[in-house]
Amino acid sequence: MTHHSPKTRNGTADQASGFRVEAEPWAEGTVLAVYGELDLGTVADLRAALDQALAVPGTVVVIDCAGLEFCDSTGLNALLRAQADAVADDSRIELARPRTLLLRMLELTGATDAFPIRGTVPG
């Protein structure tokens, strides 16, 4: 039996974890709102959404982290790799409204300067 992630509005969802990504365009690129737990089992959904959002060079992707309940090292690694790929294409990823858990993870890993942090979501 093959599990297929159901689609949400402009995004994907993983029923088992409740993780989902919703994409909305904005003037400079895309806002990706993430919800649930970002880990080994769900990181592919985030990567797919980031690949699509970063398909055009010179874009800005804002990841709205307000609904992100958990992020493990796999999720952080995916974010850091995506940022490196974005910068190589003259794009960037910004984090909006990150919870304390994600900020602490960035601090502990020395990655606090990897992402611009926003207090609000554009739009």
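**Close-up 1. Cys65 is a buried cysteine.** In this predicted model, Cys65 has 2% relative accessibility. Buried means under 20%, so Cys65 counts as buried. The closest cysteine sulfur to that of Cys65 sits in Cys71.

**Close-up 2. Cys71 is buried too.** Its relative accessibility is 4%. That value puts Cys71 in the buried class, because the cut-off is under 20%. Cys71 takes part in no disulfide.

Close-up 3. A disulfide is a covalent bond between the sulfur atoms of two cysteines. Seen from Cys71, the nearest cysteine sulfur is that of Cys65. Searching the whole structure gives 0 disulfides.

**Close-up 4. The second largest pocket has a volume of about 160 Å³.** Its lining includes Arg47, Leu50, Asp51 and Leu54. Ala78, Arg81, Ala82, Asp85, Ala86 and Asp89 also line this pocket. Two or more lining residues come from each of α1 (43-53) and α2 (73-88).

**Close-up 5. Helix α2 gives the most to the lining of the second largest pocket.** The contribution of α2 is 5 residues. What kinds of residue make up the lining? It divides into 5 nonpolar and 5 charged residues, with no polar ones. Leu50 and Ala78 are among the lining residues, and leucine and alanine count as nonpolar. Arg47 and Asp89 are also in the lining, and arginine and aspartate count as charged.

How values were computed: Residues numbered from 1 in each chain as written. Predicted model: local features only at pLDDT ≥ 70, side-chain atom pairs only at ≥ 80, totals over all residues. Heavy atoms only, no water. 1 Å grid on protein atoms, 1.4 Å probe; cavity = no way out; pocket = protein on both sides within 12 Å on 5 of 7 lines; lining within 4 Å. Points joined across faces, edges and corners; volume = space filled by probe spheres on them. Helix = DSSP H or I, 4+ residues; strand = E, 2+ residues; numbered from the N terminus. Disulfide = S-S within 2.5 Å. Buried < 20%, exposed > 50% of the residue type's maximum accessible area, 1.4 Å probe, protein only.
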